[in-house]
Amino acid sequence: MKSDASQSEGWVVGIDAGGTRTRAVLADARDGRVREEGEAGPGNALTVPGPELAAHLAEAVAAAVPEAIRGRVRAVAGGFAGAARAPAEERGRVRALAALGAALSRLGIATEAVEVHSDVEAAFAGAPGQPADGLALVAGTGVVAARIEGRVLAATSGGDGWLLGDDGGGFWIGREAARAALRAADGRGGATVLTGTVGRALGVPADTLPPADGGCWAPARRAAYRARLLPAVLDRPPVRLADLAPLVPQAAADDDAVARTILREAVAHLARTVAALRPRPGEPLVVTGGLTAPDGPLLTPLAQRLVGLTIVPVADGRAGAVALARLLTTGRRPADGP
C-alpha cells in the first residue's frame with residue numbers, strides 16, 4: 001500500500017472477471033489512481049460454478065484491498081464475461097451479483113454501491129475520456145462486438161461461444177492451426193511450419209515431425225504424425241485449442257503462407273462482426289482482448305479494414321471497471337449519461 005493510503009477519502013474496487021482469470025483493482029475514489037491489485041482464477045459468470053466464482057472474487061479482492069481499509073470502500077463495479085448489466089434478470093448478471101455479494105460479505109466490505117457489467121461494457125468504459133456511446137470489440141479466446149449507449153450494452157454481434165461462433169478469435173485461430181497441420185500431413189493442404197510447431201506444442205514425438213532440413217516427409221512418418229496429433233487434440237477440452245493461437249502470428253512473421261491466410265481470414269471475421277452493428281462514420285470502436293489490445297497481432301490489419309472508425313485499443317477491463325465504480329460514488333448509474 002502506498003504511503004498516502006491513509007489520507008484517501010475513500011476507495012473503489014474495479015473487477016475484470018474473464019474466462020481465464022479474475023483481477024481486482026483498488027483505486028482512489030477521488031482521482032482513480034490505482035494503488036493495489038489482486039488476481040485469482042476464472043470469473044466467467046456462466047461457466048464458473050457459483051461457489052467457485054465467489055471464491056475467486058474473494059481471493060482477488062482480498063489481495064487488492066488491505067483488511068484495515070475494507071470499511072472505507074465506497075463502491076465496487078465488475079466487468080464479467082458471461083454477464084450484462086441489463087436486463088436485471090439476465091442469468092449471468094444474477095449469478096455474478098450473487099457471487100460478488102458473497103465475496104464482499106466474506107471480506108467485510110459492506111458498501112451497497114455494487115454493480116455488475118459485461119466485460120464489453122467495462123472495456124468500453126476504460127477508453128480515454130470515458131465515452132458514453134460507441135462500439136466495442138473483445139477479441140480474445142472468443143469474439144463479441146457491442147454497441148454501447150449510455151455506457152450500457154444496447155446490441156451485440158457474435159459472442160456465440162467456441163462451438164457455434166467466435167469466428168476470428170483465439171479458439172478459431174488455434175483450431176485453424178491444428179487443421180492446417182493435419183491437412184499438410186495428408187496432402188489436402190499446403191506445406192506450413194505449423195505442422196512442426198503445432199506438433200511440438202501438443203507433444204507429438206519428434207521422429208514423426210516434418211524433417212527440420214526440409215527433406216522428404218515420408219508417408220509412414222506423416223501417418224504416424226496424424227495418429228499422434230489427433231488424440232493429443234481430442235484428449236484436451238476443446239477450448240484449449242486457443243493455446244495454439246500464438247503459433248500462427250509467429251509463423252506469419254516468418255512469411256508462412258498458410259499462417260498469413262489464417263490471419264487474413266480472422267481479420268475478415270472480426271470486421272464482419274463489427275459491421276453487423278452498422279457502424280457510423282467516425283464513431284469510436286474500443287478494442288481489447290489478446291488479439292486486438294495494444295500490440296495485439298490483429299490490431300493493425302483490423303484498423304486497416306475498418307477505415308472510418310476511430311480505433312481505440314485498451315489493455316483490458318480494469319480501468320473501465322474502476323471508472324464505473326467511481327461513477328457509482330456520485331450516485332449516478334451508467335445509463336444516466338456522462
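Predicted model: local features only at pLDDT ≥ 70, side-chain atom pairs only at ≥ 80, totals over all residues.

Mentor: Strand S1 (residues 11-17) and strand S2 (residues 22-28) run antiparallel to each other, paired over seven bridges.

Trainee: Okay, and what stands opposite tryptophan 11?
Mentor: That's aspartate 28, in S2.

Trainee: How many strands form the sheet, and in what order?
Mentor: Five, in the order S3-S2-S1-S4-S5. It's an open sheet, and the pairing is mixed.

Trainee: Which ones are the edge strands?
Mentor: Strand S3 (34-40) and strand S5 (114-118), each pairing on one side only. From one strand to the next, the twist averages 15°.

Trainee: What packs on the sheet?
Mentor: Helix H1 (residues 50-64) does, touching S1, S2, S3 and strand S4 (73-80). The direction of H1 makes about 150° with that of S3. Helix H11 (residues 318-329) packs on the sheet too, and H11 touches S1, S2, S3, S4 and S5. Its direction makes about 140° with that of S4.

Trainee: Switching topic: which residues touch the most other members in the largest nonpolar core?
Mentor: Leu137, Ile173, Leu194 and Val198, out of 49 residues in that core. Helix H5 (residues 170-186) gives the largest share, nine residues. There's another core apart from it, of 31 residues, including Trp11, Ala24, Ala60 and Ile109.

Trainee: Why would residues like that end up together?
Mentor: In soluble globular proteins, nonpolar side chains tend to be buried together.

Trainee: Back to leucine 137, what does it touch?
Mentor: Leaving out residues up to four places away in sequence, leucine 137 touches Val143, Val144, Ala145, Val274, Leu285, Val286, Val287, Thr288, Thr292 and Leu302.

Trainee: New one: is histidine 269 buried or exposed?
Mentor: Buried, because its relative accessible area is 18%, and the cut-off for buried is under 20%. Histidine 269 sits in helix H9 (residues 257-275).

Trainee: What about arginine 91, buried or exposed?
Mentor: Exposed: the relative accessible area of arginine 91 is 59%, and exposed means over 50%. You'll find arginine 91 in helix H2 (residues 91-107).

Key. Residues numbered from 1 in each chain as written. Heavy atoms only, no water. Core = buried A, V, L, I, M, F, W, Y, C linked by side-chain atoms within 4.5 Å. Buried < 20%, exposed > 50% of the residue type's maximum accessible area, 1.4 Å probe, protein only. Helix = DSSP H or I, 4+ residues; strand = E, 2+ residues; numbered from the N terminus. Contact = heavy atoms within 4.5 Å. Pairing = 2+ DSSP bridges. Axes fitted to C-alpha atoms, helices over the stretch in contact; angles between N-to-C directions.
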